[in-house]
Amino acid sequence: MGQLRADAFDRFVAARWSALLHLARLLTGGDRHRAEDLLQEALVKLWFAWPRVADQAPEAYVRRILVRAVARSARRRWWGEHPVDQLPDPPGVGDETAAVDERTRLETALASLPARQRAAVVLRYYQDLPERHVAEVLGCPVGTARSLTARGVARLRQLLAETVEPVE
């Protein structure tokens with residue numbers, strides 16, 4: 001019985017890893033290292049709850065754990081060192097495509113939102129969850145989830161409009 005549990009869990013993680021990691025990256029404002037840590041923490045919690053949630057909605061369970069973990073970690077005052085893959089060198093001309101630049105702009109703008117607004121926007125528009133589910137995950141009334149989403153989107157529009165570079 002234990003092997004069946006492990007196999008089902010492994011299949012779930014293998015199938016959903018990249019989508020969950022991307023969700024975690026968006027929730028953390030693009031910080032890949034923090035996203036990996038939070039996802040690992042969420043999957044450990046899922047492992048212990050797997051017998052209860054395996055037949056129901058394990059992805060929703062992980063999503064809720066991630067949102068709560070991000071909110072909890074956002075309250076920390078200091079994160080210590082910030083590991084990076086490479087030393088920061090200025091990018092050469094033509095090193096990046098327009099799509100990567102646009103995604104980076106969006107992740108930077110997302111990172112500047114408060115944690116609950118960022119979570120509401122990501123859950124509503126990236127995960128395409130209905131407002132009712134966003135409210136459930138955030139643990140608030142539907143009206144509050146709507147308000148958080150609307151304020152987050154308005155702030156994103158403002159931030160993205162400010163960072164538009166003039167075309168030469």
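1. How many helices and strands does the secondary structure of the chain come to? There are seven helices and zero strands, taken as DSSP runs (H or I of at least four residues for helices, E of at least two for strands) and numbered from the N terminus. The pattern along the sequence is α-α-α-α-α-α-α.

2. The model is predicted: local features need pLDDT of at least 70 and side-chain atom pairs count only at pLDDT 80 or more, while totals for chains, interfaces and linings use all residues. Residues are numbered from 1 along each chain as its sequence is written, and side-chain values use heavy atoms, with hydrogens and water left out.

3. Of the 168 residues in the chain, 36% are buried, meaning under 20% relative accessible area with a 1.4 Å probe, protein chains only.

4. Beyond its neighbours within four places in sequence, Leu27 is in contact (heavy atoms within 4.5 Å) with Leu66, Val67, Val70, Arg118, Ala119 and Val122.

5. In α6 the buried residues are Val134, Ala135, Val137 and Leu138. They lie on the same side of α6 because they cover an arc of only 165° around the axis, taken from the directions from the helix axis to the C-beta atoms. Just after α6, Gly139 has a positive phi of about 70°.

Notes:
Buried means under 20% relative accessible area, exposed over 50%, partly exposed in between (1.4 Å probe, protein chains only).
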